[in-house]
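Please look over the sequence and the 3D structure shown here. A short report follows, from the whole chain down to single residues.

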Amino acid sequence: MAQIAAQPYDYTLPTGDRLALIIIDMQRDFLEPGGFGEALGNDVTPLREIVPTVQTLQQAFRDRGWLIIQTVEGHHPDLSDCPPAKRDRGNSELKIGDVGPMGRILVLGEPGNGIIPELTPQANETVIAKPGKGAFYATALATTLQRHGITHLLFTGVTTEVCVQSTMREANDRGYECLLIEDGTASYFPEFKQATLDMVRAQGGIVGWTATAEQVLAGLA
Ligand code: TIU
């Protein structure tokens with residue numbers, strides 16, 4: 001049992017075997033030019049700032065033998081799991097399934113859809129492919145967490161207000177104690193990241209807690 005200095009108040013950590021690190025969608029499609037993020041009109045480069053922080057947490061969990069789950073947003077090559085509403089949204093030139101500089105946009109197995117090399121999972125680590133923004137929808141995440149007896153989740157990844165916040169809200173509704181790593185998540189819109197941090201911890205932690213990676217690592221020491 002450990003206490004982490006967090007907002008809106010201290011986060012109580014159970015033993016490590018109850019805690020999982022969730023790394024959301026740290027894919028080339030979102031972090032590198034030529035992928036889905038850029039196709040939506042975003043400057044993707046600012047997202048790279050969090051890579052060292054996420055690496056540090058990944059290593060800390062590996063050192064302790066604790067559960068790490070990465071997610072990737074992507075669709076089957078036939079797009080059978082991509083609702084037309086998702087593919088058709090917006091007016092970008094390159095849509096989901098189209099061929100871009102890193103292969104077919106947001107399609108599983110394409111070069112652009114892979115996790116960035118800095119965070120490549122080890123063979124025994126779990127990667128969950130998800131067709132939606134939230135990682136519980138149409139995936140085995142719930143059963144994976146149950147199988148491991150997980151009750152507490154640390155959230156990192158991109159983007160803060162889209163896939164990270166959606167997944168954190170889904171997890172909160174399922175009874176998990178969720179903490180969002182402030183410097184381990186990024187958005188194309190800094191103001192949306194800040195708003196997400198604020199709304200997560202408002203109202204006594206309506207969705208959960210936030211803390212820096214350093215605060216979490218200090219609590220784990
Ligand atoms: N567009 C955007 O901000 N995010 C996504 O489409 N997916 C994730 O957040 N991973």
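Among contacts in the chain between residues at least 6 apart in sequence, what percentage join residues at least 24 apart? The figure is 72%. This is a predicted model, and every value here is computed from it.

**The whole chain**

The chain has eight helices and 10 strands. Its radius of gyration is 17 Å, close to the 17 Å that the globule rule gives for 221 residues, so the chain is as compact as a globular protein of that length. Along the principal axes, the C-alpha atoms fill a box of roughly 50 × 35 × 30 Å. Buried residues make up 41% of the 221 in the chain.

Strand S3 covers residues 19-24. Six of its six residues are buried. Both faces are covered. Leu19, Leu21 and Ile23 lie on one side. Ala20, Ile22 and Ile24 lie on the other.

S3 pairs with two strands named here. Strand S8 (residues 152-158) is parallel to S3, with six bridges between them. Within that pairing, Ile24 has Gly157 of S8 as its bridge partner. Strand S4 (residues 67-73) also runs parallel to S3, joined by five bridges. There, Ile22 stands opposite Ile69 of S4.

**Helix H8**

Helix H8 spans residues 213-220, and its residues Ala213, Gln215 and Val216 are buried. Which part of the helix do the buried residues line? Seen down the axis of H8, they fall within an arc of 165°, so they line one face. These buried residues pack against strand S1 (2-4), helix H3 (51-64), S8, strand S9 (177-186) and strand S10 (209-211).

**Backbone exceptions**

Most residues other than glycine have a negative phi, and most peptide bonds are trans. The table lists places in this model that depart from that pattern.

| Site | Feature | Angle |
|---|---|---|
| Gln7 to Pro8 | cis peptide bond | omega near 5° |
| Val158 to Thr159 | cis peptide bond | omega about -20° |
| Leu106 | positive phi, not a glycine | phi about 55° |
| Gln203 | positive phi, not a glycine | phi near 55° |

Where do these sites lie? Pro8 is in the loop between S1 and strand S2 (11-13). Thr159 is in the loop between S8 and helix H6 (160-173). Leu106 sits in the loop between strand S6 (103-104) and strand S7 (126-130). Gln203 belongs to helix H7 (residues 190-205).

Is Leu106 buried or exposed? Leu106 counts as buried, because 30 C-beta neighbours lie inside 10 Å. Gln203 has 9 other C-beta atoms within 10 Å, so Gln203 is exposed.

**Around the ligand**

Which residues are around the ligand? They are Asp25, Phe30, Leu40, Glu73, Lys133, Val158, Thr159, Val162, Cys163 and Tyr188. This shell divides into six nonpolar residues, one polar and three charged. Val158 and Thr159 belong to the shell, and a cis peptide bond joins them.

Methods:
Residues are numbered from 1 along each chain as its sequence is written. This is a predicted model: local features need pLDDT of at least 70, side-chain atom pairs count only at pLDDT 80 or more; totals for chains, interfaces and linings use all residues. A residue is near a molecule or strand if its C-beta atom, placed from the backbone, lies within 6 Å of it. Ala, Val, Leu, Ile, Met, Phe, Trp, Tyr, Cys and Pro count as nonpolar, Asp, Glu, Lys and Arg as charged, and the others, Gly among them, as polar. Helices (H or I, at least four residues) and strands (E, at least two) are DSSP runs, numbered from the N terminus. The radius of gyration is taken over C-alpha atoms; the globule rule is 2.2 Å times the number of residues to the power 0.38. A residue is buried if 20 or more other C-beta atoms lie within 10 Å of its own, exposed if 12 or fewer, and partly exposed in between; C-beta atoms are placed from the backbone. Two residues are in contact if their C-beta atoms, placed from the backbone, lie within 7 Å. Two strands pair if DSSP finds at least two bridges between them. The arc is that of the directions from the helix axis to the C-beta atoms.
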